[in-house]
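Have the sequence and the 3D view ready, and follow along.

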Amino acid sequence: MSKIYAVGDIQGCTPSLKTLVKKIPTKSKIIFLGDLVNRGPDSLGTLRYLKKLQEEQRIECILGNHDLHLLAIDAGIRMTKGLDTLRPILDAPDKAELINWLRHRPMALSNGKVLTVHAGVLPQWDLQQTIECAQEVEKALRKKSYKDFLAHMYGNIPKKWSNSLKGYERLRVITNALTRIRFCTPAGTMEFNSKEGFESGPKGYIPWFKTPKRKTKDTLIYFGHWSTLGLLRQQNIIGLDTGCVWGGKLTAMEIPDSGKASKKLEIIQVDGYDHPLRM
């Protein structure tokens, strides 16, 4: 049986991406954990390359916050920011095809044993609810009226999940959890300003994966988004954003068929981008 690998944030680092793919066994499947584009030197090249591989059924890509940022800019809802490297995509002759492909990508994936997501999950969600919530956002992105969702996507309120949430507030909380979360309270109230290590959250906030009553604690979860953690391996938690765009590494890690993590899982790394602004 061919292996499956998860890969952390690429952020437009096409040379690192291509080098890594060459190192992964040919018949393997690859799941990219979001933030496919932005901040790196070649977001357009990255998107074109990933689209080709996905259409060849070799990979799948989960959406991250930078990917949604691109969709919102293209829709005229957001403006580009100072460190963005998205202009070549917006000016490309195949932009419409790329944008259409991107908004049809999943927000999370699971085989029933392992969950792959960009940022994280809320403590109230079990595996089934996580996938169902992800599918709600996917459905909104794939509608002809998807720009309406993008226009209501941004904002930090509500900060906490409730099963009674409806409409755009519900979709906003889901999107924030799947693509932005780092810290939350044990009850699941999210905080979005802290970006450093475990101890950098405000008083009363802890990393989402350390919440004591998290319903996915028995599910093996692979995620990206949090580069200051580096390669993270804890009980049923694997973080793979190793700061490729900031001069770190681009990391792939094997996903076990059994859904059980072990020290034997293969890790493949390549050098990242020597970003001119990195410290």
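## Helix 6 and helix 7

Val 137, Ala 140 and Leu 141 of helix 6 meet Tyr 146, Phe 149 and Leu 150 of helix 7, where a contact means heavy atoms within 4.5 Å. By class, this contact has 6 nonpolar, no polar and no charged residues; Ala, Val, Leu, Ile, Met, Phe, Trp, Tyr, Cys and Pro count as nonpolar, Asp, Glu, Lys and Arg as charged, and the others, Gly among them, as polar.

The axes of helix 6 (residues 127-142) and helix 7 (residues 146-153) come within 6 Å and cross at roughly 125°. That makes helix 6 oblique to helix 7. Angles under 35 degrees count as roughly parallel, over 145 as roughly antiparallel, 65 to 115 as roughly perpendicular and the rest as oblique. Axes are lines fitted to C-alpha atoms, for helices over the stretch in contact, with angles from 0 to 180 degrees between N-to-C directions.

## About the model

This is a predicted model, in which local features need pLDDT of at least 70 and side-chain atom pairs count only at pLDDT 80 or more, while totals for chains, interfaces and linings use all residues. Residues are numbered from 1 along each chain as its sequence is written, and side-chain values use heavy atoms, with hydrogens and water left out. Helices (H or I, at least four residues) and strands (E, at least two) are DSSP runs, numbered from the N terminus.

## Helix 2, helix 5 and Lys 51

Helix 2 and helix 5 (residues 95-102) have axes that come within 11 Å and cross at roughly 60°. That makes helix 2 oblique to helix 5. Helix 2 contributes Leu 44, Leu 47, Arg 48, Leu 50, Lys 51, Gln 54 and Glu 55 to the contact, and helix 5 contributes Glu 97, Leu 98, Trp 101 and Leu 102. These residues divide into 6 nonpolar, 1 polar and 4 charged.

Leaving aside residues up to four places away in sequence, Lys 51 touches Glu 97, Leu 98 and Trp 101.

In helix 1 (residues 14-23), the buried residues are Thr 14, Ser 16, Leu 17, Leu 20 and Val 21. They cover an arc of only 160° around the axis, so they lie on the same side of helix 1; the arc is that of the directions from the helix axis to the C-beta atoms. On the other side, Pro 15, Lys 22 and Lys 23 are exposed.

The buried residues of helix 1 pack against helix 2 and several strands, including strand 1 (4-7) and strand 2 (29-32).

Technical notes:
Buried < 20%, exposed > 50% of the residue type's maximum accessible area, 1.4 Å probe, protein only.
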